[in-house]
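Hi everyone, thanks for coming. Please have a look at the sequence and the structure on the screen, and then I'll walk you through them.

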Amino acid sequence: MIEVRNVSKTFYVPHKVKALVDVSTEIAAGEVVVVIGPSGSGKSTFLRCLNHLETADAGGHILIEGIDILDPKTNINKVRAEVGMVFQSFNLFPHKSVLENITLAQTVVRKRPKEEAHAKAMSLLEKVGITDKADAFPDNLSGGQQQRVAIARALAMDPKVMLFDEPTSALDPEMIGEVLDVMKTLAQEGMTMVCVTHEMGFAREVAERVIFMDEGAIVEVGTPEHFFTNPDHDRTKLFLSQIL
Amino acid sequence: MKTTANTRRSMPPWKYNLWVGVFFLILFSVVLLVYIATIRIEYTWGWYKVPSTFFNRETIEISSDIDGKVVQVTRKNAEAVITIKNETESKSYTVPAEDVRVNENDLIYYGDTLATYSEWRAGIMLQGLWITLKCSIFAIIFGIIIGVIGGIARISDNPALKWSAISYVELIRGSPLLVQIFIWYFVLGTMVNQILTSYGMAEIPSLWYGVASLACFTGAYVTEIVRAGIQSIHRGQTEAARSLGMSYGQCMRYVILPQAMRRILPPLAGQFISLIKDSSLLGIIAVRELLKASREVVTTQLNPFEMYFTAAALYLVITFALSMFVQYLERKTATS
């Protein structure tokens with residue numbers, strides 16, 4: 001499904017930083033992978049490289065369903081349409097209603113007829129549990145509701161994989177649960193998911209594999225049981241001792 | 001429209017009304033002072049001459065092209081047909097019936113007046129007003145086009161586009177508009193018109209050089225306004241749109257520009273109000289806009305006070321109308 005081979009990412013502004021150092025991994029279809037690590041470890045950069053929001057350094061390869069998105073000849077818009085992304089700060093379109101947020105890309109990118117996009121949006125709003133807010137504007141929703149709309153917006157494109165970039169970090173504690181519930185449902189339905197999160201409970205419960213990153217490199221990969229109970233590396237142990 | 005008081009008034013009503021009274025007193029005093037001053041210098045007010053500079057009735061004479069005798073005058077509704085005949089030819093004139101000057105059997109010589117009529121004609125001030133509006137509208141349209149393209153180029157990663165936009169903005173903003181108008185007309189205009197003439201083509205009237213200079217000038221400011229508007233939209237909006245598979249163009253069109261537009265409108269209105277006022281400089285390159293028209297009237301009628309007050313009032317009307325229109329747009333594009 002996703003194949004990452006020798007990917008590095010260097011930022012030159014404001015000063016030269018290697019955010020990713022020779023990262024290689026594979027994510028199978030239907031797999032739920034949770035990426036954790038201390039802040040500045042490159043986990044968000046890794047995720048953002050997967051749909052080319054950050055351009056990884058030349059030399060590496062990121063294959064989404066066999067298409068190398070680092071190849072300049074690849075039409076990145078086509079690939080992105082298959083890769084849903086949920087952001088920490090929701091990034092809903094404030095000038096459009098909830099419904100329009102979900103139908104916009106369907107009609108513009110997927111060229112679906114209005115009625116079809118509308119029906120799809122309504123069924124997704126039902127799935128995330130906010131049908132009554134279809135005509136509201138994002139600013140009038142709570143953080144949890146906004147994030148659920150954002151998930152519905154990404155799902156509306158029928159993506160083959162969903163990327164979650166710290167989806168609950170900007171939420172008030174009482175709203176984290178509702179977003180995680182939606183994500184759990186998605187995982188149970190067999191969606192391929194890559195989640196960067198600090199929710200260890202979610203990682204333990206839902207993840208099939210945990211990737212631990214530090215200083216731009218993958219330090220340790222394993223099942224949640226292995227990772228949380230018996231990690232191999234000292235760096236992982238230290239991290240776990242700090243957060244648990 | 002719903003109005004809400006955004007400040008609480010702490011003054012008691014009698015005090016508040018007192019100060020309202022003071023305001024009108026100041027206003028009245030200023031007008032009075034100006035009036036007294038004009039009396040002091042024995043200025044003769046001639047407001048009655050002003051309307052004729054907007055509309056006037058012109059008498060048009062219809063005269064005969066041939067010598068001969070009027071053989072027939074037939075009136076039908078508001079028109080009259082006068083037929084003149086001599087040995088060799090015969091000619092009929094259809095004229096308005098209001099003032100026919102000849103009767104049947106009259107002898108007519110070449111150039112004699114057969115009939116007159118009068119019609120309303122736009123005066124020089126109305127023509128000037130129209131030129132001002134025309135210049136402003138064209139300059140605004142081109143200014144928006146230049147500004148949107150410039151603004152997008154300004155935030156581009158491509159140095160060729162970005163640096164072109166920066167150079168353009170700095171160049172235009174760094175020199176006075178009057179100098180730019182001169183360059184457009186006396187430098188570029190001379191070159192273009194001479195080249196056109198050498199190919200046997202007609203020269204471009206000075207009006208269009210004026211429009212070009214204003215559009216170019218405004219475009220630089222609009223570029224900065226558009227840039228600021230686009231950059232004020234959080235980058236997460238672009239990322240969200242692009243992550244859904246939208247192209248750069250789609251993202252701009254559906255997500256960024258509609259949001260930026262709302263923030264751009266108020267500074268844009270200010271810019272266009274400036275533009276309308278700046279169009280008064282075009283008189284210097286022989287574009288007969290409102291102020292130039294006023295100046296021409298003043299040279300013949302010798303009533304500068306009235307004409308310049310009139311011109312100022314007309315500019316105020318135009319700019320105020322634009323300001324109202326933009327406020328209407330702002331309300332219309334308001335979200336939620």
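**Where the two chains meet**

Let's begin with salt bridges: between chain B and chain A the count is one. Keep in mind, please, that this is a predicted model.

Which residues form that salt bridge? They are A:Arg48 and B:Glu239, and their closest N and O atoms are 2.6 Å apart. There are polar contacts too: across the interface of chain B and chain A, six residue pairs are found in polar contact, both partners being at pLDDT 80 or more.

Now look at the chain B side. Helix 6 (235-243) and helix 7 of chain B each supply at least two residues of the side that touches chain A. Helix 6 of chain B gives the most to that side, with eight residues. What sort of residues make up this side of chain B? They divide into seven nonpolar, 10 polar and three charged.

And how much of each chain takes part? The contact takes 26 residues from chain A and 20 residues from chain B. The size of an interface is often given as the accessible area lost when the parts come together. Here, chain B and chain A bury about 1,900 Å² between them, and 62% of that is on carbon and sulfur atoms.

Let's return to A:Arg48 for a moment and meet a partner within its own chain. The side chain of A:Glu54 makes a polar contact with the side chain of A:Arg48, at 3.1 Å. You'll find A:Glu54 in the loop between helix 1 (43-50) and strand 4 (61-64) of chain A. Is A:Glu54 buried or exposed? A:Glu54 has a relative accessible area of 14%, so it counts as buried, the cut-off being under 20%. Leaving aside residues up to four places away in sequence, A:Glu54 touches A:Lys9, A:Phe11, A:Arg48, A:Cys49 and, from the other chain, B:Arg235.

Finally, the nonpolar cores. The largest one has 88 residues, and A:Leu50 and A:Ile62 touch the most other members. Where does the largest share of this core come from? It comes from helix 7 (residues 248-278) of chain B, with 13 residues. Take A:Ile62 as an example: its contacts beyond four places in sequence include A:Val4, A:Val7, A:Leu50, A:Ala56 and A:Ile69. Apart from this core lies another, of 49 residues, among them A:Phe164, A:Leu180, A:Cys195 and A:Phe202.

That's my tour, so over to you for questions!

Methods:
Residues numbered from 1 in each chain as written. Chains lettered and ligands numbered in written order. Predicted model: local features only at pLDDT ≥ 70, side-chain atom pairs only at ≥ 80, totals over all residues. Heavy atoms only, no water. Core = buried A, V, L, I, M, F, W, Y, C linked by side-chain atoms within 4.5 Å. Buried < 20%, exposed > 50% of the residue type's maximum accessible area, 1.4 Å probe, protein only. Helix = DSSP H or I, 4+ residues; strand = E, 2+ residues; numbered from the N terminus. Contact = heavy atoms within 4.5 Å. Buried area = accessible area lost by both parts, 1.4 Å probe. Salt bridge = Lys/Arg side-chain N within 4 Å of Asp/Glu carboxyl O. Polar contact = N/O pair within 3.5 Å; in protein donor to acceptor, adjacent residues only side chain to side chain. Nonpolar A, V, L, I, M, F, W, Y, C, P; charged D, E, K, R; others polar.
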